[in-house]
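Please open the model in your viewer and keep the residue selection panel at hand.

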Amino acid sequence: MAAQKSAQKPPGRTDHPAPNATRRSEKSRRAIYDAALALVADVGYPKTTIEGIAARAGVGKQTIYRWWSSKAEVLMEAFLDLGEQAAQAAGQEPYVIPDTGDLAADLKAVLRATIDQMTDPRFAAPARALAAEGLVNEPLSREYVAKLMEPSFQLYVDRLRAAQEAGEVRGDIDPRIALELFVSPLAQRWLQHTGPISYEYTDTLVDYALHGLAPRAQ
């Protein structure tokens with residue numbers, strides 16, 4: 001009797017096998033990426049399902065469950081791939097923030113490029129979906145930060161350190177904290193719709209971050 005009970009399936013357990021990325025078909029993988037990105041843009045993340053992605057991609061849902069364990073994982077990987085494809089198409093891989101010797105101009109240029117991406121529906125819909133899901137899904141949030149945010153932050157850190165060496169900013173600042181003076185306000189405004197995002201806005205963020213709010217010496 002005890003043996004029978006131990007063999008029973010626990011409540012809520014599914015029959016989906018553990019994901020196995022080594023068995024992927026490139027054609028099916030690409031179709032699933034495209035389907036996930038298109039579906040979340042069309043119906044939003046809450047209404048996006050594994051079944052919907054499978055139907056749109058023309059594959060069985062078991063194919064998806066064989067490679068990913070959740071729709072969040074599918075969308076995360078699809079979004080990472082979208083960024084890589086865009087960088088390759090633009091010949092920008094690996095990307096670094098240019099060092100022209102003018103820190104303000106370099107930061108304004110990269111933030112303007114960020115605005116372009118934030119307002120591009122191809123990137124905006126999945127980015128918002130992942131950010132929103134990350135608020136209630138800590139493992140996904142940590143993966144989102146590690147794979148998407150931290151590599152971008154490191155680019156700013158590298159540029160700010162170069163500016164320290166050139167004497168453009170104080171040597172005692174922590175670049176990792178300093179970058180949040182212009183990156184974090186933009187992210188908040190974009191995510192929470194607290195105001196419009198524009199080139200003028202990010203240019204102003206850079207000016208405030210680099211020059212502060214106190215009156216400038218004449």
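Select residues 199–211 to display helix H11, which has 13 residues. Its first and last C-alpha atoms are 18 Å apart, close to the 18 Å expected at 1.5 Å a residue; the expected span is 1.5 Å times one less than the number of residues. Helices (H or I, at least four residues) are DSSP runs, numbered from the N terminus. The model is a predicted one, in which local features need pLDDT of at least 70 and side-chain atom pairs count only at pLDDT 80 or more, whereas totals for chains, interfaces and linings use all residues. Residues are numbered from 1 along each chain as its sequence is written, and side-chain values use heavy atoms, with hydrogens and water left out.

Within H11, highlight Tyr201, Thr202, Asp203, Leu205 and Val206, the buried residues of this helix. Buried means under 20% relative accessible area, exposed over 50%, and partly exposed in between (1.4 Å probe, protein chains only). Following H11 is Gly212, with a positive phi near 75 degrees.

A salt bridge is a side-chain nitrogen of Lys or Arg within 4 Å of a carboxyl oxygen of Asp or Glu. Arg112 is partly exposed at 33% relative accessibility, while Asp203 is buried at 14%.

Then select Asp99 and Arg159, whose side chains meet in a salt bridge of 3.1 Å, N to O. Asp99 lies in the loop between helix H5 (71–89) and H6, and Arg159 in helix H8 (residues 138–165), 60 residues apart. The relative accessible area of Asp99 is 49%, hence partly exposed; that of Arg159 is 3%, hence buried.

Continue to Glu51 and Lys61, a salt bridge whose closest N and O atoms are 3.6 Å apart. Glu51 belongs to helix H3 (residues 50–57) and Lys61 to helix H4 (residues 61–67), 10 residues apart. Both partners are partly exposed, Glu51 at 40% and Lys61 at 37%.

Definitions and conventions. Helix = DSSP H or I, 4+ residues; strand = E, 2+ residues; numbered from the N terminus.
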